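Try each task before reading its solution.

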Amino acid sequence: MEPLTAALPAPAREQTPSAGPGTVRSSLAANLNRRRLARGWSLRELSAACGVSKGLLSQIERAEANPTVDVLVRIADVLETTATDLLRQPMLRPEIVRAADLHEPDDETSVNLLFAGRGEGRIEIYRSRLHPHDQSQVSSHGAGSVEYVTVVSGSVTLVVDEVPHLLEAGDTARFSGLSSHYYTTQDRPAVTQTMVCYPDD
């Protein structure tokens, strides 16, 4: 058996430039609000459970406060999540790994890490075939969800929030499942495999 070749440098990805502190506060505000409402708690109830004042929690949810690490951990523990997840920023546009950028020697077995993430929550895996000049249904999977797609054959245009991204056979992308999105084809049919990951709320 030929030896496995680990992916050497990580493939180049089309990403949004890193965001400033304002975006971090906004992400924390949205994540905290979503998790609190998922439990059906008021700010007063969350305050009583974690020992953080209702006023500070309100400021956090309005993206007006920079809580300490200790406060973040106390809130996260009560909500059965982590401070990292509370600070997680949404994907503002798709991240794409091009097949042409992968390290795949012709004479060796190769393994490339495409994306890494936590395995919590529910997942759904789909295989789809689109005919020429076809369009999939417009979809949105809710807050916190992430969709992954690999083009098995043909080519598709992934349209996320009305922005098109051409994907050729072998290309892989991931993007926020909250965004409105769909797939289209041109003159050839295409086959895609998609996976949707939902948060464990």
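**Exercise 1: helix H3**

Just after H3, Ala-63 takes a positive phi of about 60°. This is a predicted model, where local features need pLDDT of at least 70, side-chain atom pairs count only at pLDDT 80 or more, and totals for chains, interfaces and linings use all residues. Residues are numbered from 1 along each chain as its sequence is written, and side-chain values use heavy atoms, with hydrogens and water left out.

Task: find which residues of helix H3 (residues 54–61) are buried.

Solution. Step one: buried means under 20% relative accessible area, exposed over 50%, partly exposed in between (1.4 Å probe, protein chains only). Leu-57, Ser-58, Ile-60 and Glu-61 are buried in H3. Step two: these residues cover an arc of only 160° around the axis, so they sit on the same side of H3. The arc is that of the directions from the helix axis to the C-beta atoms.

**Exercise 2: the faces of H4**

Task: sort residues of H4 into buried and exposed.

Solution. Step one: Val-71, Leu-72, Ile-75, Ala-76 and Val-78 are buried. Step two: down the axis of H4, the buried residues fall within an arc of 165°, so they line one face of the helix. Step three: the face turned away from that buried side carries the exposed Val-69 and Asp-77.

**Exercise 3: H2 against H4**

Task: describe how H2 and H4 pack.

Solution. Step one: helix H2 (residues 43–50) and helix H4 (residues 69–78) pack at about 105°, axes 9 Å apart. Step two: H2 is therefore roughly perpendicular to H4 (angles of 65 to 115 degrees). Step three: Leu-46, Ala-49 and Cys-50 of H2 meet Arg-74, Ile-75 and Val-78 of H4 in the contact (heavy atoms within 4.5 Å).

Terms used
Axes fitted to C-alpha atoms, helices over the stretch in contact; angles between N-to-C directions. Helix = DSSP H or I, 4+ residues; strand = E, 2+ residues; numbered from the N terminus. Parallel < 35°, antiparallel > 145°, perpendicular 65-115°, else oblique.
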